[in-house]
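Please keep the structure open as you read.

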Amino acid sequence: MPTKRITTFLFVVVTILTMLLAACAPAAPTQAPTQPAAEEQATAAPTEPVAEAPTATATEAPAREFTIRIMSWHGADSATGYYKGYRQIADDYTALHPNVKFEFIYQPLDGYKELLDTQFVSGSAPELIHMQPWMYGEYANKGLLYNLNNAFNSKSPYAPTERWIDSFAGGEATFAGVRSSNKYGGIFFVPNDSNPLLSIGVPFFYNKDLFAKAGLDPAKTPQNWEEFKTVLKALKDNGTIPIAADNGRWIGWSLGQVGYQFGEKYVDQFYDSKFTSGNRGTEFYWDKVYVALANGQLKDTEFYNDMLTIWKDYAQYWQDGWTGTAEADAPNLFLTGQAAILQVGFWDYQYYVDLIGDKFQWGIFPVPVIDKNTSPYAIGKYNAPSNSQDYGFTVNATVEQDKELEAVVVDFLQFFTSKDEQTKYVEIAKSFSPIEGVPVPPEIAGFVTPTEKSTASEVVGSSFIEWGDGAIWPGLSQDFLTGKIDLQTFKSKVAELSQKASKDYVESMLGPDGYAVQIADAEAKLAELKASNAAEVVIKSQEQTIENLKLRLEMMQTYYKP
Amino acid sequence: MLRIIKTNKGQMALMGLLFVAPAILMNLIFDWYPMSEGLYRSFFKWDGYKSAVFVGFRNFIDIFNDDIFWTSMANMLFFLVMAVILMLPTVIASVALFRVRNQKTQYAYRVLFCIPMVVPWMIILLMWQFMYNPQYGFFNRTLEALNLAQLKQTWLGDADLVKWCLVFMGFPFVATNAALIYLGGLKSVSDSVWEAGALDGVGPVSKFFYLELPLIVGQFKLNLIGTISAAITGYGAQLILTKGGPGFSSMVPGLYMYFSAFKSQKYGYASALGLVLFILSLVVTLMAMKFLKNEDQQ
């Protein structure tokens with residue numbers, strides 16, 4: 001074979017290999033545009049002209065083919081019913097719009113954020129992304145999520161209310177906290193699986209047989225922390241593991257059980273009443289805590305010693321070696337009848353019901369409150385209904401670049417939150433709905449704390465621990481709970497971490513990418529809205545957003561001490 | 001074929017380059033680009049998306065003032081020393097297997113060596129996690145069955161034991177890949193060497209130290225590089241089994257780098273940690289190579 005032919009042959013092989021490599025790249029949906037520059041998103045995200053707000057109905061959807069990818073930690077093989085519920089709604093929508101298909105991407109919560117991070121960085125994040133309450137603020141602030149503000153202010157073809165937002169339980173007021181959690185003052189998710197007007201707890205499942213074996217009355221559950229300790233001690237003395245703990249989420253959960261009993265409206269003392277009264281109490285809550293942490297005002301309080309001592313004392317009732325027990329292993333202790341109590345969220349209700357079967361008699365009781373008998377600083381109340389939307393499905397900011405796709409995605413989300421679909425959904429998933437008038441399935445009614453007992457709100461509690469460096473505070477907590485470091489050392493170390501992280505946040509908000517630029521963008525959008533004769537309600541909402549952004553900036557400028 | 005050989009050197013060079021071009025391209029894209037990007041990012045304060053602010057050597061100064069980093073370095077040093085010491089059982093096992101003259105028996109042992117290779121590392125980790133469980137794990141249940149309940153431990157939940165537990169997971173410390181490399185090395189030695197040794201009356205111990213071991217120094221070096229690199233930068237077992245705990249008892253720099261990136265969104269800091277690990281790994285490997293070279297020359 002002549003050399004020239006060999007050379008040509010090799011060139012062709014290399015070219016084909018290169019093309020194959022390109023073809024092997026992750027397939028993006030045909031309608032998914034590339035990730036826009038961060039600055040573009042930052043300016044585009046906060047507002048959307050009302051003229052472009054999707055108002056598509058079932059018959060108005062574009063005829064082109066769409067595949068919408070939905071990412072969630074609930075998958076087809078999950079033991080819970082959530083995926084089945086989502087699938088049902090998606091199938092119902094496809095039945096109405098045969099040109100719109102759905103592809104579900106499942107990733108367990110372990111590794112969920114890591115996958116999402118890489119997807120966003122590589123520009124391959126799906127169109128709809130299920131996010132936990134602690135996730136969306138970060139991505140929204142980075143300009144990676146679509147601002148649904150104007151869509152919520154528009155009419156939904158699937159809701160009887162004037163605006164889509166009014167069809168949610170509690171209406172617009174329940175989105176105040178959501179707006180305060182991001183620097184755009186926007187709404188970045190469509191709520192699901194929660195209801196802001198209900199106080200939904202993460203209660204304890206308990207083994208009635210083990211309670212009886214320890215000489216306890218299985219029908220009598222502890223009503224406060226002292227009674228709870230009596231129960232835990234009786235179980236331990238009987239040779240039963242009182243509580244199944246793990247070295248992952250349990251650290252935060254157990255801290256929350258104790259922490260949320262201290263410091264109601266504690267940060268308000270540092271601020272003028274104009275930042276603490278009315279809706280602003282909740283709406284400015286995050287910023288107030290950030291500034292107080294950054295100023296070192298929450299380095300120590302009169303209640304920290306009690307709070308941390310109770311937490312450490314609590315740890316003696318967790319199984320030996322809990323620091324080496326993975327999240328997935330702790331439930332085994334409960335399910336095999338070795339541990340008497342396991343904390344379970346309503347989202348896992350069906351999963352545990354199926355697994356327990358008739359192995360033992362079981363019941364549910366809420367995490368007991370800590371009252372004045374335990375600490376003079378304790379609140380002694382259950383958490384009030386948050387009156388704030390919690391979490392849900394976010395939209396990738398890139399959909400904004402394809403107006404037809406944007407219209408389809410928003411139309412689907414409005415369909416998703418229609419009362420009919422939600423009623424069907426909660427029955428399949430055994431979940432709560434944020435939509436007004438959707439009933440709570442009787443099986444999970446026990447997870448709702450009675451309203452008359454639920455009154456504590458804006459609780460600062462253990463923020464000075466959890467708002468610090470996520471790579472370090474869980475390890476420090478283990479050292480403290482196992483007696484490796486003392487209370488004072490722990491307190492000073494975690495306070496230092498949260499102060500540093502809060503300073504970074506506050507300074508970024510006072511910097512060139514912070515509130516000043518957001519206010520300017522929001523004002524420009526307001527001018528656009530006025531010029532396009534947008535609806536009065538949308539203009540008012542935009543004006544309210546600007547006023548709040550200005551007040552938040554003023555608050556930081558006034559109170560932050562670098 | 002003859003015509004190809006007769007073509008000029010320039011054309012041959014071009015052909016050679018074209019042959020290696022795909023490999024070089026992949027190497028540049030998937031190895032060098034991410035590494036260069038990491039190096040670049042280590043000089044920034046960066047949350048992973050935007051707002052990357054150049055901070056010079058700030059990240060490195062912070063690393064050297066970070067208590068957790070030094071704790072993780074001490075833990076890593078422990079794992080590194082243990083990993084190097086525990087290379088020995090593989091060498092001994094390989095030599096022992098090589099000395100088995102019955103081909104069928106040797107084949108059976110080779111198969112036994114290779115079977116663990118097909119079990120995913122993740123499964124092995126989860127099995128060990130199960131065995132270490134203080135309440136229902138294999139070890140404590142066995143101690144109970146032997147009426148030795150007083151010796152029961154919390155294993156991975158014990159700050160003093162956790163590192164030893166992680167090391168013990170390699171039991172019986174015979175690495176399949178390494179063993180195959182040693183066996184390959186021993187088999188490539190001419191039979192005349194072994195025959196000469198036998199004629200000189202070399203005993204089994206002397207044979208190990210003066211013949212077999214020196215003859216596989218090359219293979220040992222290769223495995224040593226892998227072992228050092230894995231011990232300095234690895235963190236898989238810690239991530240799955242302990243999350244660096246209890247407290248920071250099993251935290252290693254690699255895991256700290258991972259947590260800094262994905263739990264703290266300090267990507268610049270994590271990149272700097274990665275660079276420190278890379279340099280450390282390189283220096284330790286070069287030192288080990290130099291030592292072995294000197295030994296070789298002696």
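Cys114(B) counts as partly exposed, at 26% relative accessibility, while Cys165(B) is buried at 4% (buried is under 20% relative accessible area, exposed over 50% and partly exposed in between, with a 1.4 Å probe and protein chains only). This is a predicted model, where local features need pLDDT of at least 70, side-chain atom pairs count only at pLDDT 80 or more, and totals for chains, interfaces and linings use all residues. Residues are numbered from 1 along each chain as its sequence is written, chains are lettered from A and ligands numbered from 1 in the order written, and side-chain values use heavy atoms, without hydrogens and water.

**Cysteines**
- The count over all chains is 0 disulfides (a disulfide being a pair of cysteine sulfur atoms within 2.5 Å).

**Lining of the second largest pocket**
- Trp121(B), Met169(B), Gly170(B), Phe173(B) and Ala175(B) lie nearest the centre of this pocket, whose lining has 40 residues (on a 1 Å grid over the protein atoms alone, a pocket is an open set of points where a 1.4 Å probe fits, with protein on both sides within 12 Å along at least five of seven lines, and lining residues have an atom within 4 Å of a point).
- The lining holds 30 nonpolar, 10 polar and no charged residues (Ala, Val, Leu, Ile, Met, Phe, Trp, Tyr, Cys and Pro are nonpolar, Asp, Glu, Lys and Arg charged, and the others, Gly among them, polar).

**Nonpolar cores**
- Among the 146 residues of the largest core, Leu298(A), Trp311(A), Tyr314(A), Trp318(A) and Ile341(A) touch the most other members (a core joins buried Ala, Val, Leu, Ile, Met, Phe, Trp, Tyr and Cys residues through side-chain atoms within 4.5 Å).
- A second, separate core of 79 residues includes Leu144(A) and Tyr352(A).
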